[in-house]
Amino acid sequence: MSLLKKFAGETIIYGLGSILPRILNFGMTFLLTWVLGQGEFGQFGNMYAFTALILVFFTYGMETALFRFGSKEGQIEKVFSTAAISLLVTTIIFTLLLWPFSDVIAVFLEQPDDGRFIKWFILITAFDALSSLPFAKLRLENRPIRFALIKVLSVIFNITLVLFFLIVCPFLIKNGMEWFGVLYDEDKKLDYIFLANLAASGGVFLILFRKFFSFKWQFDKQLWFRMITYALPLIVVGFAGVINRQLDRIFLTKLLPINVLEQTGVYHASVKIAVLMSLFITAFNYAAEPFFFKNANREDSKPIYAQIAQAFSVVGSLVFLGIMLYMDLIQNLLGKDFRSGLHVVPVMLLAYFGLGIFYNFSIWYKLTDRTRIGAYISVGGALITIIVNIIFIPKIGIIAPAYAALTCYTFMAITSYVIGKKYYPIDYPIGKMFTYIIVAVVVFGLSEIIRPYLGGNILKILVVNTLLFIGYLGTLYLFEKKTINQMMK
């Protein structure tokens, strides 16, 4: 089996472990748009943005450091032991430091009565941080099936609890079983959702508990210093990434002139559709990071990395086009009150595509131990995000964060490619890679031009869009048949 096929196989398995749980979560999220009000959904989005932010500091790049130093033969146990002890100590410290400020944080998030939510999410973050290292070790050991199984079981458990409290309990109470009212309060829907998440995160850590502590307790100070020197710039990278991917909800909460939580809720729901592209990127990144480190010393590693980037562009363009051509069906996943933000989706899809391209182009600074340069690039992207949001949210509303993300990821991809040419030159097929997505955008535009002539008939629209999608597939294969067949050899 070729390396590319092996990589593709692992990406599919990691996809099942990351995409399937997220699809389940998305299904749950879309259900929540029918159960929660716009304001409650805004609070929902804010809490997960807060979690993404503090998780960067709880993990401080130790996963990538594990890949970098643990990929050397015979080093994984020593590296894991050192990283695990470090992560355990800092998680306890960070939890104790944040806990007393839960009410202050809630006020900052425009949710002054929700200090309890902050405390729960501090615990969720602590469990997720401690679980991150065993998950990273599973990836480094090429055990994607176990990785996927734990991820899927966790989400199923989470969703089961949410469905029980939000659907089953009200149904039973309505049908004469009033004693279920002891468990259910109509005004505490968010409490049940967040507590279910806490239970799921705690359950994952218990499953991984043995793996987390199944090492000889040895702490190599010299190794830790090398790891932390390598990883600390990744905190900046991660923090900038959170600003670019998650803090748009916070920007909206602070900068929208009216109906703050309601509009934030509409935006968050619409972005959930665009995150279908992010699912593909997540699966790709889970497989790519350990793969790139483990094969960096091969003579043919650079041509393989170039092929992987080209394959990513092909699949990414198909994901974009598939979502946009079938939006008439996909939009029905959202409650009717949340569909006013669908104009955000195509821009965010292109932004996430740019993020995936950046992941491909940015591997050089991790392989060459120049994570500091990666931090500079990420800070530049974060500044663009902040500036665009501050200037344009008050003027154009919820579409502004989408344009901010697109501008940011385009800048980061181009900058990383240009600098990478100096330190770790890879001959990426740039022209082909961007032709795929440009043609996909043109096909979508053609669909929008044809739409008014179809009289709003959904069946006709779907037939035309299906023909356009098949035409794109056929054209892609016609012009790239040789490359596609070569990749599969």
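Modeller: What follows is a set of questions about labels, each answered from the values; the model is predicted.

Biologist: Why is the contact between aspartate 220 and lysine 78 called a salt bridge?

Modeller: The closest N and O atoms of aspartate 220 and lysine 78 are 3.9 Å apart. The rule asks for a side-chain nitrogen of Lys or Arg within 4 Å of a carboxyl oxygen of Asp or Glu, so the pair qualifies. By this rule the count comes to 5 salt bridges.

Biologist: What does the pair of aspartate 220 and lysine 78 tie together?

Modeller: Aspartate 220 sits in the loop between helix H8 (189–213) and helix H9 (221–245), and lysine 78 in helix H4 (residues 76–98), so the bridge ties parts that are 142 residues apart in sequence.

Biologist: Is aspartate 191 buried or exposed, and how do you know?

Modeller: Aspartate 191 has 8% relative accessibility. Buried means under 20%, so aspartate 191 counts as buried. The side chain of aspartate 191 meets that of arginine 116 in a salt bridge at 2.8 Å, N to O. This pair links distant parts of the chain, with aspartate 191 in helix H8 and arginine 116 in helix H6 (residues 115–140), 75 residues apart.

Biologist: Why does arginine 116 count as partly exposed?

Modeller: Arginine 116 has 34% relative accessibility. Buried is under 20% and exposed is over 50%, so arginine 116 falls in between.

Biologist: What makes Asp328, Glu448 and Arg451 one network?

Modeller: Arginine 451 forms a salt bridge with glutamate 448, the closest N and O atoms being 3.5 Å apart. Salt bridges that share partners join Asp328, Glu448 and Arg451.

Biologist: How many disulfides does a search of the whole structure find?

Modeller: The search finds 0 disulfides. A disulfide would need a pair of cysteine sulfur atoms within 2.5 Å. Cysteine 169 is buried at 0% relative accessible area, and cysteine 408 is buried at 0% relative accessibility.

Biologist: Which helix gives the largest share of the nonpolar patch?

Modeller: Helix H16 (residues 371–396) does, with 7 residues. Valine 379 is found in helix H16.

How values were computed
Residues are numbered from 1 along each chain as its sequence is written. This is a predicted model: local features need pLDDT of at least 70, side-chain atom pairs count only at pLDDT 80 or more; totals for chains, interfaces and linings use all residues. Side-chain values use heavy atoms; hydrogens and water are left out. Helices (H or I, at least four residues) and strands (E, at least two) are DSSP runs, numbered from the N terminus. Buried means under 20% relative accessible area, exposed over 50%, partly exposed in between (1.4 Å probe, protein chains only).
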